Amino acid sequence: MSQETRLLIVDDDPDFVEGIKSILESAGYLVDAAYNPRTGLEALKTKPYDLLLLDIMMGRGAEGIMVARKLRKDPVLSQIPVLIITGLREQIAFLFPGQPLHPHLLPVDELVEKPVEPKLLLDKVSALLELAAKRKAPK
């Protein structure tokens with residue numbers, strides 16, 4: 001992947017962020033991190049990102065869901081693919097009972113569970129970036 005590909009991680013666990021940031025940077029990505037939803041949204045509005053890696057359970061609850069919903073409503077930010085990374089699938093089951101993830105949350109995105117294997121992380125990131133590039137390509 002291009003070294004100009006910029007990723008943003010929004011997660012309130014600094015140890016986890018450092019781990020996946022190291023994996024992504026070693027693969028040639030430029031990676032920024034925000035440790036709460038507010039600074040994450042500010043970063044998204046001030047710098048162009050190619051992909052957002054977003055934790056769901058932050059702060060007072062499922063604040064990652066709030067970030068994802070705000071992105072979908074923004075005509076520019078809605079183009080950014082989102083890779084949801086969550087601690088436990090069970091933590092979000094109360095939000096979407098009977099389903100691994102609500103189908104209308106972000107239909108084109110991916111979800112991985114922590115801890116994430118480096119190869120799986122890089123595969124998911126690459127797949128989402130390729131999908132986003134295809135959507136941007138002229139038809």
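**Exercise 1. The largest nonpolar core**

Task: In this predicted model, find which residues of the largest nonpolar core touch the most other members, and which elements give two or more residues to this core.

Solution. 
Step 1. Start from the general rule. In soluble globular proteins, nonpolar side chains tend to be buried together.
Step 2. The largest nonpolar core has 20 residues, and Leu8, Val10, Leu44, Leu52, Leu54 and Leu71 touch the most other members.
Step 3. Assign the core to elements. Two or more residues come from each of β1, α2, β3, α3 and β4. The largest share, 4 residues, is given by α3.
Step 4. Look at one member, Leu44. Beyond its neighbours within four places in sequence, Leu44 is in contact with Leu8, Tyr49, Leu52, Leu71, Leu77 and Ile80.
Step 5. Look for another core. A second, separate core holds 19 residues, including Val17, Ile20, Leu24 and Leu83.

**Exercise 2. The buried side of a helix**

Task: List which residues of helix α3 are buried, and say what they pack against.

Solution. 
Step 1. Locate the helix. Helix α3 covers residues 63-73.
Step 2. Apply the cut-off. Buried means under 20% relative accessible area. In α3, Glu63, Gly64, Ile65, Val67, Ala68 and Leu71 are buried.
Step 3. Recall helix geometry. An α-helix has 3.6 residues a turn, so residues three or four places apart point the same way.
Step 4. Find the partners. The buried residues of α3 pack against α2, β3 and β4 (82-86).

**Exercise 3. A salt-bridge network**

Task: Work out which residues are linked with Asp32 in a network of salt bridges.

Solution. 
Step 1. Side chains of opposite charge can pair when their charged atoms come close.
Step 2. Take the pair with Arg6. Asp32 and Arg6 form a salt bridge, with the closest N and O atoms 3.2 Å apart. This pair links distant parts of the chain: Asp32 is in strand β2 (residues 30-34), Arg6 is in strand β1 (residues 6-10), and they are 26 residues apart.
Step 3. Take the pair with Lys47. Asp32 also forms a salt bridge with Lys47, the closest N and O atoms being 3.2 Å apart. Lys47 lies in the loop between α2 (37-46) and β3 (51-55) and Asp32 in strand β2, so the pair ties together parts 15 residues apart in sequence.
Step 4. Join the pairs. Arg6, Asp32 and Lys47 are linked in a network of salt bridges.
Step 5. Check accessibility. Asp32 counts as buried because its relative accessibility is 19%. Arg6, at 22%, counts as partly exposed. Lys47 is partly exposed too, at 35%.

**Exercise 4. Around Asp55**

Task: Is Asp55 buried or exposed, and which residues is Asp55 in contact with?

Solution. 
Step 1. Asp55 lies in strand β3.
Step 2. Read the accessibility. Asp55 has a relative accessible area of 3%, so Asp55 is buried.
Step 3. List the contacts. Leaving aside neighbours within four places in sequence, Asp55 is in contact with Val10, Asp11, Asp12, Gly64, Ile85, Thr86, Gly87 and Lys114.
Step 4. Find the charged pair. Lys114 and Asp55 meet through their side chains in a salt bridge (3.5 Å, N to O). Lys114 sits in the loop between β5 (110-113) and α5 (118-136), 59 residues apart from Asp55. Both residues, Lys114 and Asp55, are buried.

**Exercise 5. The largest pocket**

Task: Describe what kinds of residues line the largest pocket.

Solution. 
Step 1. State the volume. The largest pocket holds about 170 Å³ of space.
Step 2. Name the central residues. The lining has 11 residues, and the closest to the pocket's centre are Asp50, Leu129, Ala132, Ala133 and Lys136.
Step 3. Sort the lining. The residues divide into 7 nonpolar, 2 polar and 2 charged.

Terms used
Residues are numbered from 1 along each chain as its sequence is written. This is a predicted model: local features need pLDDT of at least 70, side-chain atom pairs count only at pLDDT 80 or more; totals for chains, interfaces and linings use all residues. Side-chain values use heavy atoms; hydrogens and water are left out. A salt bridge is a side-chain nitrogen of Lys or Arg within 4 Å of a carboxyl oxygen of Asp or Glu. Buried means under 20% relative accessible area, exposed over 50%, partly exposed in between (1.4 Å probe, protein chains only). On a 1 Å grid over the protein atoms alone, a cavity is a set of points where a 1.4 Å probe fits but cannot get out, and a pocket is an open set with protein on both sides within 12 Å along at least five of seven lines; lining residues have an atom within 4 Å of a point. Grid points are joined across faces, edges and corners, and a volume is the space filled by probe spheres set on the points. Ala, Val, Leu, Ile, Met, Phe, Trp, Tyr, Cys and Pro count as nonpolar, Asp, Glu, Lys and Arg as charged, and the others, Gly among them, as polar. Contact means heavy atoms within 4.5 Å. A nonpolar core is a set of buried Ala, Val, Leu, Ile, Met, Phe, Trp, Tyr and Cys residues joined through side-chain atoms within 4.5 Å.
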